[in-house]
Amino acid sequence: MGDPDVRNLLDEIPDSIPEEVFETLVEGGPFKLERIISKGHATPPGQWYDQERDEWVVLLRGKAGLLFEGETQPRTLKPGDFILIPAHCRHRVEWSDEQGPTVWLALHFVAS
């Protein structure tokens, strides 16, 4: 095991983001921590996320709209906003900021 590296979640953001970027930062046992970078991306029409694990998400930069099944309007997230999405709670990204990158931190875990 080497020396720990200091990294910044807002560094190394590509200039061009043709597709969302998913980067696993740490994974072990029942959890995975990932950084997601979006720019004008949305979940394809008619598709929903329906995940096996709970997901805690915080928006670090940019803005986005999350829509949950059964709701008529997306919830707008801005930097510092976070939400806990229970396993199998169907949701989708309706939109993300087109003016600049939206940076998410997502923790996927199994609640005990």
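Analyst: Let's start with Arg-92, which is buried at a relative accessible area of 9%. Buried means under 20% relative accessible area, exposed means over 50%, and partly exposed is in between, using a 1.4 Å probe and protein chains only.

User: Good to know. What should I keep in mind about the model itself?

Analyst: This is a predicted model, where local features need pLDDT of at least 70 and side-chain atom pairs count only at pLDDT 80 or more, while totals for chains, interfaces and linings use all residues. Residues are numbered from 1 along each chain as its sequence is written, and side-chain values use heavy atoms, with hydrogens and water left out.

User: Back to Arg-92, then. Which residue forms a salt bridge with Arg-92?

Analyst: That is Glu-94, with the closest N and O atoms 2.4 Å apart. A salt bridge here is a side-chain nitrogen of Lys or Arg within 4 Å of a carboxyl oxygen of Asp or Glu. Glu-94 counts as partly exposed because its relative accessible area is 30%.

User: How many salt bridges turn up in the whole structure?

Analyst: The search finds seven. One of them pairs Glu-23 with Arg-35, whose closest N and O atoms are 3.0 Å apart. These two come from distant parts of the chain, 12 residues apart: Glu-23 sits in strand S1 (residues 21–28) and Arg-35 in strand S2. Strands are DSSP runs of E with at least two residues, numbered from the N terminus.

User: And Arg-35, buried or exposed?

Analyst: Arg-35 is buried, because its relative accessible area is 5%.

User: What about Glu-69, which residue does its side chain meet in a salt bridge?

Analyst: The partner is Arg-90, at 3.0 Å from N to O. Glu-69 is in the loop between strand S4 (64–68) and strand S5 (75–77), and Arg-90 is in the loop between strand S6 (82–85) and S7, so this pair ties together parts 21 residues apart in sequence. Glu-69 is partly exposed at a relative accessible area of 45%, and Arg-90 is also partly exposed, at 29%.

User: You mentioned His-91. Where is His-91?

Analyst: His-91 belongs to strand S7 and counts as buried, because its relative accessibility is 3%. Its side chain reaches the backbone oxygen of Cys-89 at 2.9 Å. Leaving out residues up to four places away in sequence, His-91 touches Trp-48, Tyr-49, Gln-51, Glu-55, Leu-67, Phe-68 and Ile-85. Contact means heavy atoms within 4.5 Å.

User: Now His-108. Which side chain does His-108 join in a polar contact?

Analyst: The side chain of Glu-34, at 2.7 Å. A polar contact is a pair of N or O atoms within 3.5 Å; within protein, one must be able to donate a hydrogen and the other to accept it, and residues adjacent in sequence count only if both atoms are side-chain atoms. His-108 is in strand S8 and is buried, with a relative accessible area of 9%.

User: One last thing: what is the phi of Glu-12?

Analyst: Glu-12 has a positive phi of about 55°, although it is not a glycine. Glu-12 lies in the segment before S1 and counts as exposed at 66% relative accessibility. His-88, another residue that is not a glycine, has a positive phi of about 65° and lies in the loop between S6 and S7.

Definitions and conventions
Helices (H or I, at least four residues) and strands (E, at least two) are DSSP runs, numbered from the N terminus.
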